[in-house]
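This report describes a structural model, moving from helix packing to domains, chain contacts and backbone details. The sequence and structure are shown first.

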Amino acid sequence: MKLTLEVWRQKNSEDKGKFETYTLDNANEHMSFLEMLDVLNEKLTKEGKDPVAFSHDCREGICGSCGCVINGRPHGPDEEVATCQLHMRKFEDGQKITIEPWRAKGFPVLKDLVVDRSAFDRIMHAGGFITVSTGSAVDANLMPIPKAIADEAFSAANCIGCGACVAACKNASAMLFVAAKVSHLALLPQGQAEKTERVKKMVKAMDQEGFGNCTNTGACEAECPKSISIRHIARMNREYLSASIASE
Amino acid sequence: MKLNSNIPEGNLQDKWQNHKFKLKLVNPANKRKLKVIVVGTGLAGASAAASLAELGYQVDAFTFHDSPRRAHSIAAQGGINAAKNYHNDGDSVYRLFYDTIKGGDYRAREANVYRLAEVSVNIIDQAVAQGVPFAREYGGLLDNRSFGGAQVSRTFYAKGQTGQQLLLGAYSALNRQISLGTVTMHNRREMLDVVLIDGHAKGIIVRNMVTGEIERHAAHAVILATGGYGNVYYLSTNAKNSNVTAAWRAHKKGAAFANPCYTQIHPTCIPQSGEYQSKLTLMSESLRNDGRVWVPKSKETAEKVRKGEITALDIPESERDYFLERRYPSFGNLVPRDVASRAAKERCDAGFGIVPTGQGVYLDFADAIKRTSAHLIEEKYGNLFQMYNKIIDEDPYKMPMKIYPAVHYTMGGLWVDYNLMTTIPGLFALGEANFSDHGANRLGASALMQGLADGYFVIPSTISNYLADVEFTKPGTDTAEFDRAAKEVKDNTDDLTSKKGKYTVDELHRQLGKIIWDKVGMGRTAEGLKEAIQQINQIKEDFKKDVHVPGSAAEINEALEKAGRVQDFIELGELMARDALAREESCGGHFREEHQTEEGEALRNDEQFAHVAAWEYNANGDPVRHQEELIFENVKLTQRSYK
């Protein structure tokens, strides 16, 4: 495959950044998208140029490290995949591919395609946990949880924290990410004790990080590599509303 | 170097309880004065950091990721073992202990393994309390499945994402402590050296991977939970950034490295497709609960499949060889990993492989789908089937999966005593980074168990025995030892970026990986190992003279990070070959072709090799091999049989 790549290059967070165009003539359809970038980077290194910085690690769609906007879509033109699981067979020979970092106020660019997603961690610090110290747990089967509830909790806990939801949203909203955690813990009996405080604290932290609000366009759900449903946002809104009423 | 395993006296069943009672304690007021560094935030690191902070210690945690949640434990698929016996199928702590010792081919310490089995039940309780959404039955109770090397169902799971859910549980416990200010989290920091003062580990040197700054951090004790070294093979199921650097640099400072030749080749991974390949993807062992492994009975048929003239669906039942069921009727498809991998290799080497490279066998779900339903199979393995489909572009509900063994886990690692302390006082190693519990072969669903056992339940007790004797003075970084270590790290980093030679880091890493895979992989011979040592030395030379690291050290520079890691992999690779050469027997994942039974099974030599090999680094010559004898008081050593 022969490809024309238009890649966002930005030296560091202070740099303004711009697109650079590269051509690659030895890609093939069985490569993953990141392997294609590896090949580009080997080529750039051999030419004495600076390789393109991009985040990646597990390369099997679970660590949530990778992610770029590819031809305008977070994680590119395939469904239910992270960038690392995207394969070149989804592209045509001779195609031009535009590659950009996540763009959101909450995710400043550090270099090229690498962004700082520490805002997600800070939202988690605010309340994304159940207070239980090591050693104080009771027997796991003491509290049966109906399968349907456990499955629904899993469908939210499935979130890999990649940030595609923010990148896809016109408001750069982190609602799907936050809702996934709020919903996961609010569904389970173990999460009940702190659920009122949790939703308030996490939403507050989310607002402080500069993420926008949800206007129900559903772009996040469409681009989420784990297909996390926006019904979790609905559940978070319900939790938030009842928490606000309960506390006043 | 003296190896004292500190295994407690008494009956196997009482050792851990007695030991815990005898360990020295630190009173709560004094814990606040003590600082502990934890490197790595996978299952072992995150659980240790959170649990120690809960106890009152000040914890500084480090990860090279942008967030602790991205550690490679996240990718573990199949499950976690625990001797809960919720299913009334005869499981017990003793049985889990026994299966693990036997699965490890009798090359692990009885006392460590028993403790692991003992605390396994608490891990499940802890995880459920944190909100880990394990799979459940319709009555709301926890579901289990089976894994290799066991005849009971004791594996708890969350679809094919058990590692993710357990890690997010440990990450949430860590987040709670971060919010309380008891853990200070340092993201995007790579540990490049451990600092010793008066022979004790008192701090680390890290590189800030965004600014390039070399930072010093001091503490009263240091814990390494930095994972395994599977990426020495270049292609493995490990994440791209997993590496041995933290453990290796500790080794060079005096920590013994044990059993480096014990590496695990996992039988069910997606076969390699081309030279550009950057990593291999695991298909969970849990799939062998329902999948049947086979190749065609005739070489001619296999040849036709390889050429694409026919597919698996064209081969009638009578023409299929379910070779695991044939060779091992009582365990069938659920034999341990080393056994399954070798059996697949044997068939492929004999010409029965079913992918164009010849290196692949089938894993077939047709019978299971017929017996249950596609929906039930999807419930259990949905994400794995989806992952396979995305990579291979073929629907595994209709067409059998194609799989081949790949490097997955490393049983070897830093030598630790029963308290998980290395040969450097004050330096501890947890999880895959240590060598302690899996012997020569790890059973499926035991890595998650060990990582969390070490972090949640072992280290919080054992570290106090060390900390009870240290002085409370605030540790400082303004010492000659820190100066020296920081300078060495900086010099090395500058050196790597200064030579713009002719080989990229990846080129040298690929070369290294190929040698290790061919000669220190599934089958090893004395001759091959000697060649490997020579060839690795050549790579070492090429690296020293001719590596090309673009860019500078004062920025985000992935090539520089990789170069430092490959530098250590090259040295480790040589030690692996030496260790494999010295171990004149076959056991578990270490298969010396000279030592096999008539049926091609691993042939141990218990008289001479029922010991741990712990290597001491020697800057001026060959490394020194020390031995820790393994004493079996409860289990009788037998030829492992899964027939």
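In this predicted model, helix α15(B) meets helix α16(B) through B:Leu508, B:Gln511, B:Leu512, B:Ile515 and B:Lys519 on the α15(B) side, while α16(B) supplies B:Gly528, B:Leu529, B:Glu531, B:Ala532, B:Gln535, B:Ile536, B:Ile539, B:Asp542 and B:Phe543. By class, this contact has eight nonpolar, three polar and three charged residues. The helices concerned span residues 505-519 (α15) and 526-546 (α16) of chain B, and they pack at an angle of about 175° with axes 10 Å apart. Because angles over 145 degrees count as roughly antiparallel, α15(B) and α16(B) are roughly antiparallel to each other.

A further helix pair in chain B is formed by α4 (residues 93-103) and α5(B), which pack at an angle of about 135° with their axes 8 Å apart. The two helices α4(B) and α5(B) are therefore oblique to each other, and α4(B) passes α5(B) in a right-handed crossing. From α4(B), the contact draws on B:Val93, B:Leu96, B:Phe97, B:Thr100 and B:Ile101; from α5(B), it draws on B:Glu110, B:Val113, B:Tyr114, B:Leu116, B:Ala117, B:Glu118 and B:Ser120. Eight nonpolar, two polar and two charged residues make up the contact of α4(B) with α5(B).

| Helix pair | Angle | Axis separation |
|---|---|---|
| α4(B) and α5(B) | about 135° | 8 Å |
| α15(B) and α16(B) | about 175° | 10 Å |

Turning to domains, the assignment for chain B gives domain 1 (266-408) and domain 2 (480-609). Their centres, taken over C-alpha atoms, are separated by 30 Å. Six residues from domain 1 of chain B and five residues from domain 2 of chain B take part in the contact. On the domain 1 side, the largest share, five residues, comes from helix α10 (residues 337-352) of chain B. That side of domain 1 of chain B divides by class into one nonpolar, one polar and four charged residues.

Between the chains, 64 residues of chain B are in contact with 65 residues of chain A. On the chain B side, the elements that give two or more residues are α3 (43-55), α5 (110-130), α6 (162-180), α12 (374-392), α13 (447-467) and α17 (558-582) of chain B. Helix α6(B) provides the largest share of this side, nine residues. The residues of chain B that touch chain A comprise 23 nonpolar, 25 polar and 16 charged.

Chain A contains eight helices and seven strands. Its C-alpha atoms fill a box of roughly 60 × 35 × 35 Å along the principal axes. Of the 248 residues of chain A, 56% count as buried. Among contacts in chain A between residues at least 6 apart in sequence, 70% join residues at least 24 apart.

A:Asn216 has a phi near 55°, a positive value in a residue other than glycine, and lies in the loop between α6 (195-208) and α7 (219-223) of chain A. A:Asn216 counts as exposed because it has 8 C-beta neighbours inside 10 Å. In chain B, the phi of B:Asn6 is likewise positive, near 55°, and B:Asn6 is placed in the segment before α1 (15-22) of chain B. With 14 C-beta neighbours inside 10 Å, B:Asn6 counts as partly exposed.

Definitions and conventions:
Residues numbered from 1 in each chain as written. Chains lettered and ligands numbered in written order. Predicted model: local features only at pLDDT ≥ 70, side-chain atom pairs only at ≥ 80, totals over all residues. Contact = placed C-beta atoms within 7 Å. Helix = DSSP H or I, 4+ residues; strand = E, 2+ residues; numbered from the N terminus. Nonpolar A, V, L, I, M, F, W, Y, C, P; charged D, E, K, R; others polar. Buried ≥ 20, exposed ≤ 12 C-beta atoms within 10 Å, placed from the backbone. Domains from an automatic or database assignment. Axes fitted to C-alpha atoms, helices over the stretch in contact; angles between N-to-C directions. Parallel < 35°, antiparallel > 145°, perpendicular 65-115°, else oblique. Left-handed = near helix turned anticlockwise from the far one by under 90°.
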